[in-house]
Amino acid sequence: MLLEEQRFLHEDLERLEQGIADRIGDEPKHIRDRLARDHQIAQFLDRISSQSTKLLTIYRDVDGTRSREIQQIGSGDPMEEFYKQLTDIKGFHARYPNEPVENLERAYRPKKGPDADSQPSIVDTMFTGEEAYGRFFDLHTCHEMYLNLPNAKRLSYLQYLESFDNFAPGAGGLKRAEKMTDQYFAYVGNLSQELETFMRKTRPLENVDKVVADFDKEFDAAWEKDEIADWKKEEPTVKPNSTSKQISSSDAIWCDDCEKEFKNENVYKGHLSGKKHIRAAAERAKRLRGESDGADSAPNGNQKGATSTYRLKERAIAEREFRVKRLASAMSTERSDSRVNVERKQGMTERERQQELENLFSATTTMSQAKEAEDGEDNDDEDRIYNPLKLPLAWDGKPIPFWLYKLHGLGVEFPCEICGNFVYMGRRAFDKHFNEARHIYGLKCLGITNTSLFRDITGIDEALRLWDKIQKEKRKDKVDDGTVVQMEDAEGNVMPEKVYYDLQKQGLL
């Protein structure tokens, strides 16, 4: 029955393709339904890959079973072979009378109506309440692990969202020597795993494994060239300030042992006798000694290929930090939305937070009721959104609170003539639009190339006057080389170089 299995696989592939096409043609409005659709499509694609692998194995026919079955059907009496297979099928169902028959058409058809409501969605248990179906980050566990690290800065959750991928010592991160602990290794590994899992949950149709593999290849190339910031090979320095670290002034001195900048030489010399410097210098000497011992222990004197255990641990930590930076940059939109969401929730009461959470989980039921109303059923008055003040709608489709509307000044209009008299509601949207494509395109249409100098300028005449003034100042400051150098003739007359050579060519000198 190998040919029947082959036919079943072909039918399964066609049904899967049709199921994917039916789901792509429908664009859900709610983010929960969109994620559920994408995860279903991802499952169908995985099944297509596995079924195609089985089908290719059958077509290769390594053991010759398929060829023998085709030869058996083609030779002899076809009706005799047909009744033989029919007898086998009846015998199988007689032995297993309750064997279910899979209906592929119903299995891959999109569920609608009561059938869809009866089955739980894939994404219902996938996200936490803070993540709001993949719209925001939920890094509270990582934030607690960061606060428990020794010598870590006390950052609030909002500050942590802004700087969790900045591992420099001055930006909330730890010093290089303080990172070589199992606690920090577990923290940065957990942070990397959280971000990677979040990307897999919110982008099911992307090949996340390939993205992470590209990050690892990029890190390997940079590590071989010793180009990873804050993780370059350490070399013993005799003179102070002989490192490549950027210092704030010419008098400042950088201490490699303490990884700290000092304002002048007197302060630097004063700290040399302190306990912290002595301890940091001993730890750094120990690290350098460990790297040199690893290089000396290489067979046949091959120091280039030798790697100490300490350096391997540094590589493992640096690799996870590098992955966190790349994943955070790839999900910059979710990160900025998370910061805005945390700021918004800080101005809400506990009752408002609970009400918002309930509205989030009941949004699907509300949308299904709206769909039924569109199909012809009567819509109750209580389902209609009461919005007499014409307030903007929030992400859940309901008007925002009036106090929030007044707080952000969303009732104030800011027109911009450069953007084609487009009106921006609120100061925040008005300030953001100067860096957006609409405003920059309007300035370029006016012939203005340097757009950074035209912030808070919305009038066309005002912008053109300022641009003309800038161009006149540039032409005024431009120095003519012929008027700088002056020449003197035999009679002692002083003149510009250009006039001197012109008179000389005419024979007047």
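# A guided tour of the predicted model

Begin by selecting A168, which lies in the loop between helix 8 (157-163) and helix 9 (182-202); helices (DSSP runs of H or I, at least four residues) and strands (runs of E, at least two) are numbered from the N terminus. This is a predicted model, in which local features need pLDDT of at least 70 and side-chain atom pairs count only at pLDDT 80 or more, while totals for chains, interfaces and linings use all residues. Residues are numbered from 1 along each chain as its sequence is written, and side-chain values use heavy atoms, with hydrogens and water left out.

With a relative accessible area of 25%, A168 is partly exposed. On this scale, buried means under 20% relative accessible area, exposed over 50%, and partly exposed in between, with a 1.4 Å probe and protein chains only.

**The whole chain**

Of its 509 residues, 31% are buried. The accessible surface (Shrake-Rupley method, 1.4 Å probe) comes to about 33,700 Å², and carbon and sulfur atoms hold 51% of that area. Contact means heavy atoms within 4.5 Å; among contacts with a separation of 6 or more, 54% are between residues 24 or more positions apart.

**L35 in helix 2**

Next, select L35 in helix 2 (residues 31-60). L35 counts as buried because its relative accessibility is 7%. Which residues are in contact with L35, leaving aside neighbours within four places in sequence? They are V123, F127, Y133, K201 and T202. Display R203 as well: L35 and R203 are 168 residues apart in sequence, with a C-alpha to C-alpha distance of 8.2 Å.

**E130 in a loop**

Move to E130, found in the loop between helix 6 (114-118) and helix 7 (140-147). Its relative accessible area is 18%, so E130 is buried. Beyond residues up to four places away in sequence, E130 touches F136, F137, D138, H140, N341 and K345.

**The second largest pocket**

Now display the second largest pocket, which holds about 1,300 Å³ of space. A pocket is found on a 1 Å grid over the protein atoms alone, as an open set of points where a 1.4 Å probe fits, with protein on both sides within 12 Å along at least five of seven lines; lining residues have an atom within 4 Å of a point. The volume is the space filled by probe spheres set on the points, which are joined across faces, edges and corners. To centre the view, select R344, A394, W395, I400 and L404, the closest to the pocket centre of the 35 residues that line it. Helix 14 (332-346), helix 15 (350-361), helix 17 (402-407) and helix 18 (427-432) each give two or more residues to the lining. Helix 14 supplies the largest share, seven residues.

Colouring the lining by class gives 17 nonpolar, seven polar and 11 charged residues. Here Ala, Val, Leu, Ile, Met, Phe, Trp, Tyr, Cys and Pro count as nonpolar, Asp, Glu, Lys and Arg as charged, and the others, Gly among them, as polar.

Finally, select strand 3 (residues 413-416), whose covered face carries F414 and C416 and whose uncovered face carries E413 and P415. Strand 3 pairs with strand 4 (residues 422-425) in the antiparallel sense over four bridges, where pairing requires at least two DSSP bridges. E413 has M425 as its bridge partner, and P415 stands opposite V423. Five residues lie between the strands of this hairpin, in which G420 takes a positive phi near 80°.
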